[in-house]
Amino acid sequence: MEVTPFPFLNQEEYSHILGLFSEMEDRNNNNNSGFNGNNNLNKRRRNDDDDGDQQKGSDKQQQELKSSAAWSDILTSIILLDEEEKREQEQFSVESHQDKILFDDNSKRKTRAMDEYGHQLQVHYDDLDVMDQLRTKRSRRTASAAATVAAAAAVSENDRANNPMNQSASTSAAPAQHRRLWVKNRSKDWWEERNHPDFSEEQFRRDFRMSKATFNMVCEELESTVMKKNTMLRDAIPVRQRVAVCIWRLATGEPLRVVSKRFGLGISTCHKLVLEVCSAIKTVLMPKFLQWPDEQKVKQIKEEFESISSIANVGGAMYTTHVPIIAPKISVAAYFNKRHTERNQKTSYSITVQGVVDPKGVFTDVCIGWPGSMPDDQVLERSALFQRANRGLLKDVWIVGNSGYPLMDWVLVPYTQKNLTWTQHAFNEKIGEIQGIAKESFARLKGRWACLQKRTEVKLQELPVILGACCVLHNICEMRNEVMDPELKFDLYDDEMIAENSIRSMASAQARDHIAHNLLHHGLAGTSFLGQ
């Protein structure tokens, strides 16, 4: 094999070849740089896209974080509010429980204080009764001794004046001759004039607040109880005069010295007669003329009240008045009447008279004698009516009272809050009509028996008997349709105070709302409240 020798290149060819290599190298470099540039551009675009996605993702994450933070804040606020509300409710419950405990403690303390006061008062009255009995016995012994001495003196005078043969006869006749030795001669013209059959009926009614027929009926009822027998020293006071002394004293409220002059009797005798006749009225006439009605009578009363007010099951209207008294010697603060003192600008003491009346103004229940400082709701809690209700004897019966009484299952009172609705105004108007019957009845009671209008010369322990007798005589006059003189009209000024715990039963509050709704929406209520 033959090898051809490689010829050597000259300088120009060598330079040309080097130039070709240089151009190829430059092309390669340019190609590489272009490729690298494109790659770098693509990389930058991808990086920019990645950075944009990352930026968007970060923004979205930030928004999500902000949203979650806002929801967290809202939930935290709600939880905090719930916890705060729970704490407030717990605190309110604790405070309400504490207030209830304090109210119960105060009520129990007041009850104990009143019970202790009642016991002390009863002990004091018992002591006074014993002292009065001893004083009466001593006065009787003194009078008996004086009468014996007088009789003996008369007998000795007759013995000296007559012969011994007539001594026994004169001795037996001596007491008869001096029978009226201890009776002071007083004029009885005033009473004898009124006791005459021809005396004017109108004037008799003006003096005794009742007709002759009613007066005769009272005398017949009391005759067996108040009648006395004649004695060796004096004749007994007739029954009619005894009853007349008591009724005239209650009707006019005149002092005992005036009563003494009118009837020709001693002052102490008149005082004794008033107490005896009042006690007889309480014993004999009260069971007949002042008693809680039976079922048939209650049904009739309900129908009459419903025809007046359109409210069903009303069994009576209740009211409490105050009777002025002289300042007692014990427990003065208990009988102090602050409201009357402020209105009259003069220190006033009183006792209370609570009564329930039927549609005709006749008393069916009375509670007498509690101190004047007690509000109406406390007087009610200590009455026989309250005990009767607790025994379940007032089921399905409403007793209507004013705002001074609490709303209970059997006591119906008006709405007392401010900004009343039309329904509540209409209800209060109907309740006012029923309450007006009780107030008018008490006005007639005080107008007819003027002794209730001013302080009387009677001991505090004797006053309930007199007030009870006035209520019985009031019922007799009302039942017999005795017309009262318009001049005797009396205006009551008993201030009403809203009870401390005005609602004692939620069931009764719902029942009152139901009654008020029916009155307005069934066209049974009036419209006078619209002008208020």
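## Terms and basis of the model

On a 1 Å grid laid over the protein atoms alone, a pocket is an open set of points with protein on both sides within 12 Å along at least five of seven lines, and its lining residues have an atom within 4 Å of a point. Grid points are joined across faces, edges and corners, and a volume is the space filled by probe spheres set on the points.

The model described here is predicted, so local features need pLDDT of at least 70 and side-chain atom pairs count only at pLDDT 80 or more, whereas totals for chains, interfaces and linings use all residues. Residues are numbered from 1 along each chain as its sequence is written, and side-chain values use heavy atoms, with hydrogens and water left out.

## The chain as a whole

The secondary structure of the chain comes to 16 helices and 5 strands, where helices (H or I, at least four residues) and strands (E, at least two) are DSSP runs numbered from the N terminus. Of the 532 residues in the chain, 37% are buried, a term that means under 20% relative accessible area, with exposed meaning over 50% and partly exposed lying in between (1.4 Å probe, protein chains only). Among contacts (heavy atoms within 4.5 Å) between residues at least 6 apart in sequence, 72% join residues at least 24 apart.

## The second largest pocket

The second largest pocket has a volume of about 560 Å³ and a lining of 26 residues, of which L121, Q122, Y125, Q461 and P464 lie nearest its centre. At least two residues of this lining come from each of α1 (11-161), α8 (267-289), β3 (363-371) and α15, and α1 gives the most, with 11 residues.

By class, the lining of this pocket divides into 13 nonpolar, 6 polar and 7 charged residues; here Ala, Val, Leu, Ile, Met, Phe, Trp, Tyr, Cys and Pro count as nonpolar, Asp, Glu, Lys and Arg as charged, and the others, Gly among them, as polar.

## Helix packing around α8

Helix α6 (residues 239-252) packs against α8 at an angle of about 90 degrees, with the axes 8 Å apart; axes are lines fitted to C-alpha atoms, for helices over the stretch in contact, and angles run from 0 to 180 degrees between N-to-C directions. That makes α6 roughly perpendicular to α8, on a scale where angles under 35 degrees count as roughly parallel, over 145 as roughly antiparallel, 65 to 115 as roughly perpendicular and the rest as oblique. The contact joins R242, V243, V245, C246, R249 and L250 of α6 to C270, L273, V274, E276, V277 and C278 of α8, and its residues divide into 9 nonpolar, no polar and 3 charged.

Helix α7 (residues 256-263) and α8 pack at about 100 degrees, with their axes 8 Å apart, and are therefore roughly perpendicular to each other. In this contact L256, R257, V259 and S260 of α7 meet I267, C270 and H271 of α8.

## T225 in helix α5

T225 is found in helix α5 (residues 212-226) and is partly exposed, with a relative accessible area of 39%. Leaving aside its neighbours within four places in sequence, T225 is in contact with A280 and V284, while its C-alpha atom is separated by 9.4 Å from that of I281, 56 residues apart along the chain.

## Helices α14 and α15

Helix α14 (residues 422-448) and helix α15 (residues 463-479) pack at an angle of about 110 degrees, with their axes 10 Å apart, which makes α14 roughly perpendicular to α15. The contact is formed by S441, R444, L445 and R448 of α14 together with C470, C471, H474, C477 and E478 of α15, and these residues divide into 4 nonpolar, 2 polar and 3 charged.

Terms used:
On a 1 Å grid over the protein atoms alone, a cavity is a set of points where a 1.4 Å probe fits but cannot get out, and a pocket is an open set with protein on both sides within 12 Å along at least five of seven lines; lining residues have an atom within 4 Å of a point.
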